[in-house]
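Here is a friendly walk through a metal site and the helices around it. Please keep the structure open beside the text as you read.

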Amino acid sequence: MSDAVLATINDLPITLATTACEIASAIPGASKAFVLNRMDWCCKGAMSLGDHCREAGIDPVAFLGEVAAAASTAPRGPDWRRKPTPELVAHILTFHDAHRRDLPALGHLINDIEVAAPGRWEEIQQLADTWPLFAAETERHLAYEEENLFPAVAAGDLAALGPVMARLREEHEGHDHRLADFRTWCEDFRIRRTNNPRDEALRSVNDLHRRLEVFELELMEHMHLENNLLFPRLAPPA
Ligand SMILES: [Fe+2]
Ligand SMILES: [Fe+2]
């Protein structure tokens, strides 16, 4: 029964047919539950809760319990579905600024760990090998949006944006796959315990894990705002 209400969270009655986008948009903190269960709500925002849970092999009621728990501690923010487009774009650009700070800083941290403890962790080698290309691609993506998408949106010049958005959606999927690799390599960003307080390299790995997890959530939130909220407003009428 896809129309039976499984839970009501933040005044949103949720059924198996409720989309991931609706849940993530209406419930602050829900995005964390999606990430921790490896459910891609940003590139598959139109997919229903039932289909997401089936794909991830997760019980929907248990998942909604996690969403409710996350919602109970998350600060309530603006509902970006209802904000005017210029405000939404300005908000998206704050993610661009954050990524431009984080991408080089995380790259330096990865390199520092690799230099301090060469070969000690396979994940650090994997990150050291892939981060420069990922960072360069992400920075190119941000610049492409700033040159080809946002000025056209500000000018109301939407007619030629179809191919631009198609390219951006494809690149978002690439980012999403890369983030999934990082989470896999880093064992869900597990914090490692040690009895040696002088193990600086391990402390740095734990710091890296915490920061990568924040970066992952921010990049996915950013892609959700574009894929699920901004792009549908710009699509030319069929
Ligand atoms: Fe963006
Ligand atoms: Fe983007």
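## Ground rules

Donors here are N, O and S atoms within 2.8 Å of the metal (3.2 Å for Na, K and Ca), and since water is not among the atoms, sites may look incomplete. This is a predicted model, in which local features need pLDDT of at least 70 and side-chain atom pairs count only at pLDDT 80 or more, while totals for chains, interfaces and linings use all residues. Residues are numbered from 1 along each chain as its sequence is written, chains are lettered from A and ligands numbered from 1 in the order in which they are written, and side-chain values use heavy atoms, with hydrogens and water left out.

Along the chain, the donors of the iron ion (ligand 1) are spaced as H-x48-E-x76-H-x3-E. They are H96 (NE2), E145 (OE), H222 (NE2) and E226 (OE), lying 1.8 to 2.2 Å from the ion. The angles among the four donor atoms run from 88 to 159°, and the site is irregular.

What coordinates the iron ion (ligand 2)? H141 (NE2), E145 (OE), H172 (NE2) and E226 (OE) do, at 2.0 to 2.2 Å. Its four donor atoms subtend angles of 83 to 168°, so this arrangement is irregular. E145 bridges the iron ion (ligand 2) and the iron ion (ligand 1), which lie 3.4 Å apart. E145 in helix 6 and H172 in helix 8 (residues 161-185) link distant parts of the chain, 27 residues apart. Helices (H or I, at least four residues) are DSSP runs, numbered from the N terminus.

## Helices 6 and 9

The axes of helix 6 (residues 122-148) and helix 9 (residues 200-234) come within 14 Å and cross at roughly 30°. Such axes are lines fitted to C-alpha atoms over the stretch in contact, with angles running from 0 to 180 degrees between N-to-C directions. Helix 6 and helix 9 are therefore roughly parallel to each other, a label for angles under 35 degrees, with over 145 counting as roughly antiparallel. Their contact (heavy atoms within 4.5 Å) includes H141 and E145 of helix 6 and H222 and E226 of helix 9.

## Helices 5 and 9

Helix 5 and helix 9 have axes that come within 9 Å and cross at roughly 155°. That makes helix 5 roughly antiparallel to helix 9.

Terms used
Helices (H or I, at least four residues) and strands (E, at least two) are DSSP runs, numbered from the N terminus. Angles under 35 degrees count as roughly parallel, over 145 as roughly antiparallel, 65 to 115 as roughly perpendicular and the rest as oblique. Four donors count as tetrahedral if all angles lie between 85 and 135 degrees; four count as square planar and six as octahedral if opposite donors are over 155 degrees apart and all others between 65 and 115; anything else is irregular.
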